[in-house]
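Please study the sequence and the structure shown below before reading on.

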Amino acid sequence: MSKCISCEEKFDAGESIIKVNQKIYHDSCFRCVECDAALVEIGYLLTVEENPKPICKDCYLKPTLPSCGICRQPVTEPLVTRINDVPFHTKCLQCKNCLKELSDDTQISICNGEWYCLNCLPVPRCEKCNKPIETQALKVMDRLYHAECFKCNKCLELFTATDGMVLEPDGQARHEHCVNSSASSRNLGATISPDKPLIIRP
């Protein structure tokens with residue numbers, strides 16, 4: 001009796017077999033040569049070579065199909081999302097936070113390499129009040145502040161472009177004239193511009 005070309009086992013009497021390209025397989029042995037998917041239910045194609053082998057449609061088309069920007073698998077489904085000409089499976093492109101499918105690039109943003117809908121996009125917060133910063137911010141030693149929150153810790157007045165500023169070891173900023181001559185303080189200097197972040201440099 002003939003043997004299965006894949007497992008080389010004999011067929012049982014009355015067992016269902018599959019014959020492809022003059023080769024005989026058990027139903028369970030008839031699988032894609034690339035991904036090992038069972039081909040009985042999904043259909044098959046044959047590889048283009050001297051000794052053709054059964055292959056599923058996805059694997060057959062893989063060299064010619066664009067890959068998803070997230071899972072890197074071929075994009076074969078008719079409904080896909082494209083962002084900057086990069087295709088994505090609809091099920092792959094989801095908001096990192098709420099897992100909502102992102103299908104419109106006007107509603108999508110990227111933060112630290114992750115995808116977010118605009119409602120879930122992480123917003124930087126003010127170091128002083130801990131409220132979201134949605135407009136221009138001041139940057140001090142890699143910390144962000146609302147312009148109205150960055151005040152002298154002693155007199156509570158805002159800093160101006162002409163004010164000398166001292167950054168105390170505890171991280172609090174004070175006007176130069178509000179600071180005593182304590183040896184624990186050090187004047188780092190400051191530059192303030194209405195259209196640029198505040199940056200303190202040694």
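Is Tyr 145 buried or exposed? In this predicted model, Tyr 145 has a relative accessible area of 8%. Because buried means under 20% relative accessible area, Tyr 145 counts as buried. Phe 150 is likewise buried, at 6% relative accessibility.

**Aromatic pairs**

The structure holds four aromatic pairs. Two of them are described in the table.

| Ring pair | Distance between centres | Angle between planes | Class |
|---|---|---|---|
| Phe 88 and Trp 115 | 5.5 Å | 75° | edge-to-face |
| Tyr 145 and Phe 150 | 5.0 Å | 55° | tilted |

The planes of Phe 88 and Trp 115 stand at 75°, so this pair is edge-to-face, since the cut-off for that class is over 60 degrees. Phe 88 belongs to strand S6 (residues 86–89), whereas Trp 115 belongs to strand S8 (residues 114–117). The pair therefore ties together parts that are 27 residues apart in sequence. Both Phe 88 and Trp 115 are buried.

The planes of Tyr 145 and Phe 150 stand at 55°, so their pair is tilted.

Elsewhere, Tyr 25, Phe 30 and Tyr 44 are linked by ring pairs into a cluster.

**Arg 174**

Where is Arg 174 found? Arg 174 is part of strand S12, which covers residues 173–175. With a relative accessibility of 15%, Arg 174 counts as buried. Along the chain, Arg 174 and Phe 159 are 15 residues apart, and their C-alpha atoms are separated by 8.7 Å.

Conventions. Residues numbered from 1 in each chain as written. Predicted model: local features only at pLDDT ≥ 70, side-chain atom pairs only at ≥ 80, totals over all residues. Heavy atoms only, no water. Phe/Tyr/Trp six-rings, centres within 6.5 Å; stacked < 30°, edge-to-face > 60°. Helix = DSSP H or I, 4+ residues; strand = E, 2+ residues; numbered from the N terminus. Buried < 20%, exposed > 50% of the residue type's maximum accessible area, 1.4 Å probe, protein only.
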